[in-house]
Amino acid sequence: MNDDINGDELDDLKALFGTASPAPNATRKAENLALAQKNFEMRQGSTDQPRSNPVAGPMGLWTGAKQMLNTLTSRAGLTFTTAIVACGVIVLTPFGQDMWKPSIPTNTPLTIAEAEEVTNLTRRTEPVADLIVPNDVAQVDLGNDQAVSDPLPQVAMEIHAEPIMAESQARTLSQEDALNMGGQFFSPSADVGALAAVDLETSHFSETAETYANADQNPLKVTATDPVSTFSIDVDTASYSLLRNSLSRGFLPDPDAVRVEELINYFPYDYPSGTLDDAPFRPTVNVFETPWNTDTQLVHIAIQGTMPAIEDRPPLNLVFLIDTSGSMNDPSKLPLLKQSFRLMLDNLHPDDEVAIVEYAGSAGQVLAPTAASDRQAILQAISSLGAGGSTNGQGGLEQAYAIAADMSQDGEVNRVILATDGDFNVGVSDPSGLENFIADKRDTGTYLSVLGFGRGNLNDATMQALAQNGNGQAAYIDTLNEAQKVLVDQLTGALFPIANDVKIQVEFNPAQIAEYRLIGYETRQLNREDFNNDAVDAGELGASHNVTAIYEVTPVGSPAQLTDPLRYQPTQTATDSDELGFLRLRYKTPGQDVSQLIETPILPGDVANTEQAFAVAMAGFGQLLRSNDYIDDWSYGDAIALANANRGDDPFGYRTEAVQLMRLAQSLSEQ
């Protein structure tokens, strides 16, 4: 307490605390309220004249309408203006849009196709509202006099309506189910591009809406009657990424989506490098015991491409052909595509050139040929892309090839990179028509690579047809890590070919091998006479790429032999050599029309090394996913053990990831 306050003052202060508050002054209160009201009214608009509003004021809506009715003398004019206003209400307002949406009878079962049509009507490419929602429930009116509820936190949210594919094509949906499918309802405004998906019983899409490029598994061949096997190499990796995407979503992939050779060739291998007879690649062959059948053997064929000096590579002309149709309006499609291409830009040389073409209902050039050093202009063009409309794939391809032709210079490498979810529904849409179109263009020296994004309506068959006939690679990108692998780590190999039309032909010795079968490569089979026909297209090998092919063979006299010898078959004359077979390879140097030949015998071997054993583990894994009849009781556990023991040098973690996928498949197969 302050020492300046004496006892008398303290007593006076105590007395004041006990004194009643003074009575309110009614006159002063009225004056203050009047002043406050005056200030409020003055701040609602200009002090010179009252502010206009829809009800009153010189320029109000009602005043304008009244003036129009008083001055308009033509009934036809009045009818015309009224019709314009009505059309505006129908087209521009949610209420009007609901009037022309087809109604759904209550409790009427819907097929998947019908349900998707309902969700397409609710699709909006932009947020339609920002609002504060209660903490307990949020409701979204989907235009059918019903609402869908979902508990949400009390934060500012954006309303979206995006379809989610249902679990099975065979399933029928009630009206409530169809409305629920319309809803990836709200996403926090701060989380740009994120959509909060509806929690259905299973959130994955229907694989029956997708088409895959595959064929029946290769049959067992009898060497005595059919000793020659011919096929084209394959360096595509799309099947492995699709498999990973399916398993990560919690279900086994469609067996038709599994191409065993793409599972094997997804990984880089440390095969012997160097050249053989000045060829751009080196082949090696090894023979060892089959892990799933001790009475058979595996013939492992490896091709390792050379790596030219990167600093000496020719300039690269790239045309990004980007699908911006409505089906690309999904976080795993166009937004991921944009991120992926940004990664790629950092690995281009300053003298490389980039052009961008987008296609939806029609095709258009987004970016004229621009030096890769002008990164800002390229990034701005990529960022400007938006999804909407149908998919005019033919028009986009035509314009992309035309631009690539204008960019082409002697000694430069030209490549069109098509990025799509595979949905071609305008123009030429069947694979055979697209094959012919691309085949006519590849002879100009411009190659085509295809990158797939997203799931639900993936047309894998079309993507494979385009890539195989465009002398390019097909890859599926489901994560930014996969984009890093395809567009950064393996960019040189993917874009710079060192050998064209690479074909493999193996002739097995019937004196040593009774039966054989090629594991995978079902879609790459060639006729025997195609091997020497340089007009027949085959796969390309890129710089530093490696390719693996595996045969399972049954030695003569093995208890694993499944066929009986023919009664009237001429006796085979055994050679003095212990050769199991003979390997031939044909390839063309890029830009050349005449192929060159490499030959080497297949001799008995010993045991598999780490690289070969891991490739065999992936071959076994793929056969398990396809329910192969030739692997007996070999299991996912056996594949896991073999792969785990032979991960070897795994700097990027690809092989470790593969083991985890095997474990997921094992668990899902037991459910």
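Among contacts between residues at least 6 apart in the chain's sequence, 77% join residues at least 24 apart. Keep that in mind as we walk through the structure, which is a predicted model. The chain has 671 residues, and 45% of them count as buried. Its secondary structure comes to 19 helices and 21 strands. The chain exposes about 32,900 Å², with carbon and sulfur atoms supplying 51% of that area.

As a reminder, strands of a sheet pair through backbone hydrogen bonds, in either a parallel or an antiparallel fashion. For a parallel example, look at strand 10 (residues 316-323) and strand 11 (residues 353-359), which are joined by seven bridges. Within this sheet, valine 319 stands opposite alanine 355 of strand 11.

Which of its residues are buried? They are Ile378, Leu379, Ala381 and Ile382. Seen down the helix axis, these buried residues fall within an arc of 160 degrees, so they line one face of helix 11. Gln376 and Gln380, on the other side of helix 11, are exposed. The cover over the buried residues of helix 11 includes helix 10, strand 11 and strand 12.

Back in the sheet, find phenylalanine 453, which belongs to strand 14. Its relative accessibility is 0%, and because buried means under 20%, phenylalanine 453 counts as buried. What does phenylalanine 453 touch, leaving aside its neighbours within four places in sequence? Its contacts are Ser332, Lys333, Leu336, Leu337, Ser340, Ala419, Thr420, Asp421, Tyr476 and Ile477. Threonine 420 is 33 residues away from phenylalanine 453 in sequence, yet their C-alpha atoms are 5.9 Å apart in space.

Finally, turn to the nonpolar cores. The largest has 39 residues, and Phe267, Met618 and Phe621 touch the most other members. Helix 8 (238-248), helix 9 (260-264), strand 9 (293-305), helix 17 (610-625), helix 18 (636-645) and helix 19 (654-669) each supply at least two residues of this core. Helix 17 gives the largest share, nine residues. Beyond its neighbours within four places in sequence, phenylalanine 621 is in contact with Leu243, Leu247, Leu263, Trp634, Tyr636, Leu661, Met662 and Ala665. Apart from this core lies another, of 35 residues, and among them are Leu345, Ala419, Phe453 and Phe496.

Notes
Residues numbered from 1 in each chain as written. Predicted model: local features only at pLDDT ≥ 70, side-chain atom pairs only at ≥ 80, totals over all residues. Heavy atoms only, no water. Pairing = 2+ DSSP bridges. Helix = DSSP H or I, 4+ residues; strand = E, 2+ residues; numbered from the N terminus. Core = buried A, V, L, I, M, F, W, Y, C linked by side-chain atoms within 4.5 Å. Buried < 20%, exposed > 50% of the residue type's maximum accessible area, 1.4 Å probe, protein only. Contact = heavy atoms within 4.5 Å. Arc of directions from axis to C-beta. Areas by Shrake-Rupley, 256 points an atom, 1.4 Å probe, with all protein chains shown as cover.
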